[in-house]
Amino acid sequence: MNPTPHTDSWLDEFPGRLAALDRVHLRRRRHAVEPAGAAMLRTGGHELLAFCSNDYLALAGHPEMAEAVCEGARRFGVGAGASPLVSGHSTANDALEQELAAFVGLPRALYFYAGYATNFGIVPALVGEGDAIFSDALNHARLSRARIHRFAHADLAELEQQMRASTARRKLVISDAVFSMDGDVADIPALLTLCERHDALLLDDAHGFGVCGPQGRGSLAAAGLTGAGASRRVLYMATLGKAAGVAGAFVAGPDDLVEWLLQKTRSYIFATAAPALLACALRVSLRLIEQGDQRRTQLRRLIAQLRTDLQPVLARSGWRLGQSDTPIQPLLIGGNAEALAVMDGLREQGIWVPAIRPPTVPEGTARLRIALSAAHTDDHIHRLVQALDRLASDATPHPGA
């Protein structure tokens with residue numbers, strides 16, 4: 001006998017919910033893409049000059065890494081077969097962890113299959129009910145039963161007030177080192193000083209690994225907080241799908257702390273391990289990052305060129321360029337519809353720069369997130385600036401920008 005259907009089901013709400021997203025220009029759409037040469041993507045039958053990738057050092061398509069993946073597949077197969085604590089911890093993954101720890105100048109590292117799983121797994125493994133998290137307002141949200149205190153972006157005075165007022169036994173301060181949508185860099189030494197003063201623990205670097213610090217060793221190395229200068233209060237997290245050009249993430253820090261995460265991080269314990277073939281590619285990537293000063297020099301030169309060449313466009317349009325010396329260059333437009341219009345205008349000229357809208361960024365600060373890569377050239381920057389200049393004449397200043 002067929003059950004009687006519900007005439008008023010909550011499942012009927014989704015068309016209306018999607019329509020509500022459309023009304024405020026917040027529906028996201030995917031595009032099926034494939035590489036089409038240096039800094040180029042092919043989608044929908046069109047080739048686009050791309051400023052949308054976090055592959056900052058242009059390593060994702062490096063032939064040595066592709067060969068490492070092929071050799072890894074021949075030796076280890078394609079899948080890991082089990083979680084790391086069952087039988088999935090391959091010799092390749094083990095070697096990668098040792099090399100990651102050495103590369104960032106910290107005692108021990110733990111390799112995860114995905115950056116999202118790392119972020120959302122380690123926080124509840126460290127703090128829980130009755131504990132306190134202090135998070136920069138521009139951080140992505142993380143799951144934990146601990147009480148979350150948000151401080152204004154980069155406002156260390158407010159952070160100190162919150163920490164002083166907290167009676168929690170365990171305190172965790174979370175701040176990006178390089179902020180993913182603004183491109184500015186946190187004051188890591190000052191953050192660490194507050195952690196020392198209030199018995200707290202600090203973590204998080206993602207967009208700085210491979211780009212910042214001597215030989216691309218990351219934001220902690222740039223701050224002199226690795227090796228002999230390492231602090232037991234810093235748990236370092238970095239993704240391996242951005243400048244490293246592959247996938248996954250790792251945490252590094254004191255041996256006991258990393259061992260605790262191995263024992264208690266559910267997203268590590270209950271997930272199939274990352275395939276060994278990726279570890280093989282990442283071991284090559286570490287060597288290329290270490291030898292990549294020329295790529296980082298190229299990046300810095302392109303950043304300076306873009307920021308200089310955009311000044312007349314900014315003056316005409318009312319748009320604003322965020323204060324960033326990193327490959328993340330946010331062009332603040334203001335309204336959601338306006339940002340989408342600029343993005344579409346660039347696509348019509350053969351250029352792909354993504355529009356970033358709330359809730360990823362605060363209301364009224366929709367923007368184009370221009371991501372630079374060592375694969376870009378002077379001509380690529382010139383094309384982008386010219387295309388934006390053509391659109392600037394149609395732009396008007398927006399109060400939210």
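This is a predicted model: local features need pLDDT of at least 70, side-chain atom pairs count only at pLDDT 80 or more; totals for chains, interfaces and linings use all residues.
Let me start with the place where two helices meet: I122, A125 and L126 in α5 are in contact with L257, W260, L261 and K264 in α9, where contact means heavy atoms within 4.5 Å. Residues are numbered from 1 along each chain as its sequence is written, and side-chain values use heavy atoms, with hydrogens and water left out.

Two packed helices are described by the angle between their axes and the distance between the axes. Here α5, residues 115–126, and α9, residues 255–264, pack at an angle of about 105°, with axes 10 Å apart; the axes are lines fitted to C-alpha atoms, for helices over the stretch in contact, and the angles run from 0 to 180 degrees between N-to-C directions. That makes α5 roughly perpendicular to α9, because angles of 65 to 115 degrees count as roughly perpendicular, those under 35 as roughly parallel, those over 145 as roughly antiparallel and the rest as oblique. By class, the contact of α5 with α9 has six nonpolar residues, no polar ones and one charged one. In that count Ala, Val, Leu, Ile, Met, Phe, Trp, Tyr, Cys and Pro are nonpolar, Asp, Glu, Lys and Arg are charged, and the others, Gly among them, are polar.

Now to the interior. In soluble globular proteins, nonpolar side chains tend to be buried together. The largest nonpolar core in this model has 90 residues, and those with the most contacts inside it are F209, F250, W319 and L388. Such a core is a set of buried Ala, Val, Leu, Ile, Met, Phe, Trp, Tyr and Cys residues joined through side-chain atoms within 4.5 Å, and buried means under 20% relative accessible area, with exposed over 50% and partly exposed in between, using a 1.4 Å probe and protein chains only. Helix α11, residues 276–290, gives the largest share of this core, eight residues. Apart from it lies another core, of 22 residues, among them L110, V123, L172 and L201.

What about the cysteines? A disulfide is a covalent bond between the sulfur atoms of two cysteines, and the criterion used here is a pair of cysteine sulfur atoms within 2.5 Å. The structure holds zero disulfides. The sulfur of C70 is 11 Å from the closest cysteine sulfur, that of C280, which is too far for a bond. C70 counts as partly exposed, at 37% relative accessibility, whereas C280 is buried, at 16%.

Next come some single residues. S219 sits in helix α8, residues 219–222, and is buried, with a relative accessible area of 5%. Leaving aside neighbours within four places in sequence, the residues that S219 contacts include D205, C212 and Y236. S180, which lies in the loop between β7 (171–174) and α7 (188–197), is also buried, with a relative accessible area of 8%.

A374 lies in the loop between β15 and α15 (378–392) and counts as buried, at 17% relative accessibility. Not counting residues up to four places away in sequence, A374 touches Y56, L57, A58, R295, Q298 and L299. A374 and M40 are 334 residues apart in sequence and 13 Å apart in space, C-alpha to C-alpha.

Finally, the backbone. Most residues other than glycine have a negative phi, and most peptide bonds are trans. P358 is found in the loop between β14 (355–356) and β15 (366–371), and P358 counts as buried, at 4% relative accessibility. Beyond neighbours within four places in sequence, P358 is in contact with L26, R28, N336 and E363.

Which value does phi take in H25? Phi of H25 is near 60°, a positive value in a residue other than glycine; H25 lies in the loop between α1 (14–23) and β1 (33–35) and is partly exposed, at 35%. D199 also has a positive phi, of about 55°, although D199 is not a glycine. The place of D199 is the loop between α7 and β8 (200–203), and D199 is partly exposed, with a relative accessible area of 40%.

Notes. Helices (H or I, at least four residues) and strands (E, at least two) are DSSP runs, numbered from the N terminus.
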